[in-house]
Amino acid sequence: MTEPDAATRPSPLVRAVRTYLDHLGVERGLAANTLSSYRRDLRRYLGYLDSVGIGDLGAISEQTVLGFLTALREGDSENPPLSATSAGRTIVAVRGFHKFAVADGLAELDPSVAVRPPKPAKRLPKAIPFDDVMAIFEAAGAPGTVLALRDRALLEMLYGAGARISEVVGLDIDDVDLETQTVLLRGKGSKERIVPFGRYAAETVAAYLTRARPELVSAGKGTPALFLNARGGRLSRQSAWTVIVKSAERAGITAEVSPHTLRHSFATHVLEGGADIRVVQELLGHASVTTTQVYTLVTVDGLREVYAAAHPRALKA
């Protein structure tokens, strides 16, 4: 049997990649689909290395790997730019390959050890327009029933105080001060904060306490809980979730709505109204203002849309 011609023989780099893929498939037993993803990612890496004239493991530096990451994010004439998630997955494959090469004695140094996959972009909170919030309120429960009064009060408190669903269903009557229109919320880590909730929420809670809660509590054994179920016990988180979803459906809201939607909408709307981000941080009970800053991205997106539509120099050719 004749030896393959040197021109057709795989380079040491290609052979190293093949050895790594064999290791993943045979020794680590990766699923076929996962192995296919690794093969595709490393084929792209080999293509990049070839384009910059590198055919040997020892010639790859940290700057080489960083250059590949940049190429993934920017794309070229043959490859579209990758998202942070897809580019991150590819870099993970590259890092795994270089780590294996060192462990297997194929290379002395790992040039990828300091290269970190890009962080996926933060998912922006889903807020809905104020008119949609009002429509959800109006669609709460069958008109005139005790459950409708309860549901409306529940929704108004969630949005009026920007509270988490767990915080609202955990409220007792004594936690709400209708005179000062404030509520004591117990957030993550049992941290307490006092939050204003406004006149509309105060009026709906007062109506619920006067005209609905006495009937609901009579069906149970007595409880200090503010929001009750039909059996007179504390309303559960799951039941409160159902109230929100059903009210949104009756209101004809096509966007996905969850308990956090009202909290996100609260934060977005008060920021759009001119509130300081530090104030919103306190209202939401965030330990760090960094967590609250994601809402500024939502409002900036809105401003960008207005700018693009209205500014004469914003039009693209």
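The following legends describe close-up views of a predicted model.

**Figure 1. Overall content of the protein chain.** The protein chain comprises 14 helices and three strands. Of its 317 residues, 39% count as buried. The chain exposes about 18100 Å², of which carbon and sulfur atoms supply 53%. When contacts between residues at least 6 apart in sequence are considered, 55% join residues at least 24 apart.

**Figure 2. The largest pocket and its lining.** The largest pocket holds about 270 Å³ of space. Its lining consists of 16 residues, and Glu156, Tyr159, Gly160, Phe197 and Tyr200 are the closest to the pocket centre. Four helices each supply at least two residues of this lining: helix H5 (130-138), helix H6 (146-161), helix H8 (198-211) and helix H11 (259-272). By residue class, the lining divides into eleven nonpolar, two polar and three charged residues.

**Figure 3. The three-stranded sheet.** Three strands form an open sheet in the order E1-E2-E3, with antiparallel pairing. Strand E1 (176-177) and strand E3 (192-196) are the edge strands, each pairing on one side only. In general, the strands of a sheet pair through backbone hydrogen bonds. Strand E2 (residues 182-186) has a covered face formed by Val183 and Leu185, whereas Thr182, Leu184 and Arg186 belong to its uncovered face.

**Figure 4. The hairpin of E1 and E2.** E1 and strand E2 (residues 182-186) run antiparallel and are joined by two bridges. Within this pairing, Asp177 stands opposite Thr182 in E2. Four residues lie between the strands of the hairpin, and Gln181 takes a positive phi near 55°.

Figure 5. Five bridges join the antiparallel strands E2 and E3. Leu184 stands opposite Ile194 in E3; Leu184 also belongs to the uncovered face of E2. The hairpin has five residues between its strands, and in the turn Gly189 has a positive phi of about 70°.

Figure 6. Arg164 is located in the loop between H6 and helix H7 (165-169). Arg164 counts as buried because its relative accessibility is 9%, below the 20% cut-off. Apart from neighbours within four places in sequence, the residues in contact with Arg164 are Leu158, Gly187, Lys188, Arg193, His260, Arg263, Leu284, Gly285 and His286.

Definitions and conventions: Residues numbered from 1 in each chain as written. Predicted model: local features only at pLDDT ≥ 70, side-chain atom pairs only at ≥ 80, totals over all residues. Heavy atoms only, no water. 1 Å grid on protein atoms, 1.4 Å probe; cavity = no way out; pocket = protein on both sides within 12 Å on 5 of 7 lines; lining within 4 Å. Points joined across faces, edges and corners; volume = space filled by probe spheres on them. Nonpolar A, V, L, I, M, F, W, Y, C, P; charged D, E, K, R; others polar. Pairing = 2+ DSSP bridges. Buried < 20%, exposed > 50% of the residue type's maximum accessible area, 1.4 Å probe, protein only. Contact = heavy atoms within 4.5 Å. Areas by Shrake-Rupley, 256 points an atom, 1.4 Å probe, with all protein chains shown as cover.
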